[in-house]
Amino acid sequence: MDNIDIVIVEDNYHDVEMVLDALNESGIKSGFLIFRDGAEAVQHFFDPEGRVISGNLRPPKLILLDLKLPKINGMEVLKLLKSDDKTKYIPVVVFTSSNEARDRKESYKLGVNSYLVKPLDADQFAEHITQIINYWLNLNINVD
Amino acid sequence: MINPLPRTVNIALLIALAIFISASAVIAISGFYIYQYQKKEIGRAASQQLAAIAELKVWEISNWRNERISDANVIYKNGSFAEDVVKYFNNPLSPELKKTVLSLITATQNSYQYQNILLIDKNKAVRLAIQKHDSDFGVRHSDIINKAFEINDIIVSDIHRDERNNSTHISVVIPIVMIKKSGPIPIGTVIILVDPQHRLYPTIKQWPMPGQTGEALLVHRDGNDVVYLNELRHLKNIPLMLRYPITETSLPAVKAVLGSKGAIEGIDYRKKKVFAVVKAVPDTTWFLVAKIDQEEIFASLAMRFWLTVFFILVTISIMGILIAYVWRYQQAKYYREQYELEYKRAFMYARSLIEASLDPMVTISPEGKIMDVNESTEFITGRSRKELIGSNFSNYFTEPEKADEGYKLVFEKGIVRDYPLSIRNCSGQVIDVLYNASLYKNDAGDVQGIFAAARDVTALRRAEKELKAAHDELELRVEERTDELKQANNALELEINERKEVEKLIALRTKLLEVTNKELESFSYSVSHDLRAPLRAIDGYSRMILRDQRDHLNDDAKRKFDLIRSNTQMMGKLIDDLLAFSRLGRLEINMTRLDMEGLVNDVWMELQIINPDRRIDFKVNKVPASKGDRTLIKQVYSNLLSNAVKYTKNRDRARIETGGYKGENENVYYVKDNGIGFDMDYYDKLFGVFQRLHSADEYEGTGVGLAIVQRIIHRHGGSVWAEGQVEEGAAFYFTLPIKD
């Protein structure tokens, strides 16, 4: 548990499998955690009073967030993460099938770090997800 | 209210001020001139005095000098003296001869205390002297001795110094000659040494007037210097040693040697301003300067100056006080008159108010006697003022005891309000009144009596009765009207309810429309997300199988998996197009001016990039500018031109032509090609959604392009149509309305 690089919040199991397959294919080694809805993700980062559960855990290097999620939707999760000083520096990549202008605008307003539309083409899907994860895990230099 | 001072008073004040200022100025100016005149007079008097003194001094000096010459003449004019001297010189050891010579010299010496008298022979040797002397005395005097023989007369030398003993002398040189037929023969010289300290300097120094600074100087010019010959009064000097260059022209002494005469002003050796009078001493090179400090002269003037100033100030002050006093008196008088006038007016005003009041008012003494009444009291009681004043106030009421009680109540409480009483007037008539009364005190706070004012309420009571009757009637009428109103109201309510129903219906429909719109939106959102997700999975797993099971699949299976994948992509494209099409119906249109020619060229550039290996003759004719939504119209051209490109792909010489023209109410635009065209029999299907006239294998596409074109143009208020012939090409037209 103490070696979490990526937190994936995604309700579609097929998409998760495709992400993991792409990672495996490209040889990127990383620890990851998967939440199947927004509520699970929120409970991981915040206690019932809304305070950040800091503990001794190192924050993940990347949160891969779908927007259309059961219980608490992705936009709400993004809002919570970006409005707390302790979590707002964690890079969040929205990974969604929506290319609606409204969703893009709202995500960037809340402070999303990247916005990626899930390609329908499986080759592109694998390539894009590999690139974005590689970028945030290996190329980008975060605050700490 | 006191009136402010009238204008005339202000003007009077201005005149008084003007008189005061001008009088002050006249006094001050005349004071100044008097002072100037006095100063001048004093200066003149001082100069006259100095002139007199100078005159006196010069006279004394000349006198003194003449005396010395007379003394010398006794020797010079003595005919036998020369012979005695010759004899003595020839026989110097004879005591008789010496005695003879000495007797005259001694006699001279005795007439004045000369410093020394010496007899000198032709060889400048001293042969006889009364006092001690230097051996070279004769030699040192040889110049003046020679001169005396030359002119054959007595010479009185200038004052000169003997540096050896620091003494000052005047030498009187007497030539001794024998008169012979051949001419005078020089024998010797008698020199009388005169000490100026004796008599001469004291004479100069002595000042005939009392004073601190008066002084006489004796000066002469020596080259470019002026030399002070005597001892000074204010500076310890050695005569002949003090000298100033003649460039210092402010010095009276310099002025004197430069030729000034009479009264002058200057600055003396002490740097003090002085008055001076210069006078030359006759027969000498000397000048006498009599001078006195201006400060001393004007000392008395300073006193007079302050006296004058004091006098002026006192005069001005007295005048000012006088004017101010008169002014104040005038002002006080004015304000007193004004106040009295005002007081009278205020009194009259208050009295008229009291008299004008319709309420009867009385003042009652502590003893219950009426002290004052107004006209209303006379009127209500029917009795004269004369009769009322001094009588008992309670006499005029129907219940005198109750009146007394009320009266006492005023003393207890200080004030009584609306105390009901009834007055009986002289003719027996009873009038209902309400009394208001309060204590009346003097300045010291002692009770003097009470003020009481009654109000006749007879009319009020009558009015109350009338009012009640009117009110009752009114109430009746209001009831009637209310009934009528109620009926009208009911009718109105009915109508309002009907209208409300209609409004509700409209609101419901609007709401329904909103809901539908929202549903439509969420529908397309779901379509884009949820329809795509399984496709993504299908493609994803197909890809994994193709990758992971490559070795276990035969070529046919691989081909089929590839078909699965390409169909998935096709399905995605269909979904996108459908979504785009459905959105068009709801999109807002942003109308702007469009440069259609530029738009066509932009689209064509993009198409060339997408189809790099196509060779097409593309011709843009005149395209009129129009109004429309830039993005949507661009989409129209994009769809039409890409169709044209697509359907000419089998032509050796593909030709596409675009252009437009102005109609009456609309602009017409067209895109023509020489592609495969279409059969006009199927024209109906041309603009339908997902409708195709060619197989997807031959010509890729979803069949939405033209439907989109039609929808965009319709939304702009225009129309679309097409002309075609199989294998001959197609022409698509659309119009955009010309709006103001």
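**Exercise 1.** Determine in which sense β3(B) and strand β4 of chain B pair, and over how many bridges.

*Solution.* In this predicted model, β3(B) and β4 (residues 167-180) run antiparallel and share six bridges. Two strands count as paired if DSSP finds at least two bridges between them; strands are DSSP runs of E with at least two residues, helices runs of H or I with at least four, both numbered from the N terminus. Within this pairing, B:His160 lies opposite B:His169 of β4(B). The two strands form a hairpin with four residues between them. In the turn, B:Asn166 has a positive phi of about 55 degrees.

**Exercise 2.** State how many residues of β3 in chain B are buried.

*Solution.* Buried denotes under 20% relative accessible area, with a 1.4 Å probe and protein chains only. Strand β3 spans residues 155-162, and six of its eight residues are buried. For chain B, the buried share is 38% of the 740 residues.

**Exercise 3.** Explain why chain B is described as more spread out than a compact globule.

*Solution.* Chain B contains 17 helices and 23 strands. Its radius of gyration is 74 Å, well over the 27 Å of the globule rule for 740 residues, so chain B is more spread out than a compact globule. The radius is taken over C-alpha atoms, and the rule is 2.2 Å times the number of residues to the power 0.38. Along the principal axes, the C-alpha atoms fill a box of roughly 195 × 135 × 60 Å.

**Conventions.** Residues are numbered from 1 along each chain as its sequence is written, and chains are lettered from A in the order in which they are written. Local features need pLDDT of at least 70, side-chain atom pairs count only at pLDDT 80 or more, and totals for chains, interfaces and linings use all residues, while side-chain values use heavy atoms, without hydrogens and water.

Notes:
Buried < 20%, exposed > 50% of the residue type's maximum accessible area, 1.4 Å probe, protein only.
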